[in-house]
Amino acid sequence: MIYRMRIYRAVADNLPLFHEFFRTHLLPVQLRHGARLVGRWEAEDGRVVAVWEYDDRDAYERVQAAVVADPATRQAREVRQGLPPLFTEKDEVFMKPAPERLEPEEAPMPRF
């Protein structure tokens, strides 16, 4: 599994519109092509974080190509052009699960 984390610096006054645009225009296209949304969060500092799960990087590339080619993506871009700014910054990082446990020689021994 790999995970894609997107972090947006949302425009506070437009936060409800940001979420509505996501639910109405972006989420259905992603789900239709196999993306799996792990969750979305609002951080205390005004950022919105979305985490998506994919089987591997090739699966992500296939999903992304299908999303880009979907006519609904073009329609979403057209709708967004008529909206006020929804975010000022966007960052993306891919992640993989960390090892579940340390090997015995790596694990620190508890001191009592």
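The following questions and answers concern a predicted model of one chain.

Residues are numbered from 1 along each chain as its sequence is written, and side-chain values use heavy atoms, with hydrogens and water left out. Because the model is predicted, local features need pLDDT of at least 70 and side-chain atom pairs count only at pLDDT 80 or more, while totals for chains, interfaces and linings use all residues.

Reader: What pattern does the chain follow along the sequence?
Author: Helices (H or I, at least four residues) and strands (E, at least two) are taken as DSSP runs, numbered from the N terminus. The chain holds 3 helices and 4 strands. Read along the sequence, their pattern is β-α-β-β-α-α-β.

Reader: Which residues of helix α3 are buried?
Author: Buried means under 20% relative accessible area, exposed over 50%, and partly exposed in between (1.4 Å probe, protein chains only). Seen down the axis of α3, which spans residues 71-81, the buried residues fall within an arc of 100°, so they line one face of the helix; the arc is that of the directions from the helix axis to the C-beta atoms. They pack against α1 (15-32) and α2 (57-69). The buried residues of α3 are A72, T73 and A76.

Reader: Which residue has a side-chain oxygen that reaches the backbone nitrogen of A72?
Author: The approach occurs at the start of α3 and is to within 2.8 Å. The side-chain oxygen belongs to D70.

Reader: How are α1 and α3 oriented to each other, roughly parallel or roughly antiparallel?
Author: Axes are lines fitted to C-alpha atoms, for helices over the stretch in contact, and angles run from 0 to 180 degrees between N-to-C directions. The two helices pack at an angle of about 165°, with their axes 10 Å apart. Angles under 35 degrees count as roughly parallel, over 145 as roughly antiparallel, 65 to 115 as roughly perpendicular and the rest as oblique. Therefore α1 is, relative to α3, roughly antiparallel.

Reader: Which residues of α3 make the contact with α1?
Author: Contact means heavy atoms within 4.5 Å. On the side of α1, the contact is made by F21, H25, L26, V29 and R32. From α3 come A72, T73, A76, V79 and R80.

Reader: Is R4 buried or exposed?
Author: R4 lies in strand β1, residues 2-10. Leaving aside residues up to four places away in sequence, R4 touches Q30, A50, V51, W52, Y54, Y60, E92, V93 and F94. Its relative accessibility is 2%, so R4 counts as buried.

Reader: What distance separates the side chains of R4 and Y54 in their polar contact?
Author: A polar contact is a pair of N or O atoms within 3.5 Å; within protein, one must be able to donate a hydrogen and the other to accept it, and residues adjacent in sequence count only if both atoms are side-chain atoms. The polar contact between the side chains of R4 and Y54 is of 2.8 Å.

Reader: Which side chain makes a polar contact with that of R40?
Author: R40 is found in strand β2, residues 36-42, and is partly exposed, with a relative accessible area of 24%. Not counting residues up to four places away in sequence, R40 touches F18, H19, F22, V48, V49 and A50. The polar contact, at 3.2 Å, is with the side chain of H19.

Reader: How far apart in space are K96 and I2?
Author: K96 lies in the segment after β4 (87-95) and, at 69% relative accessibility, counts as exposed. K96 and I2 are 94 residues apart in sequence. C-alpha to C-alpha, their separation in space is 4.8 Å.
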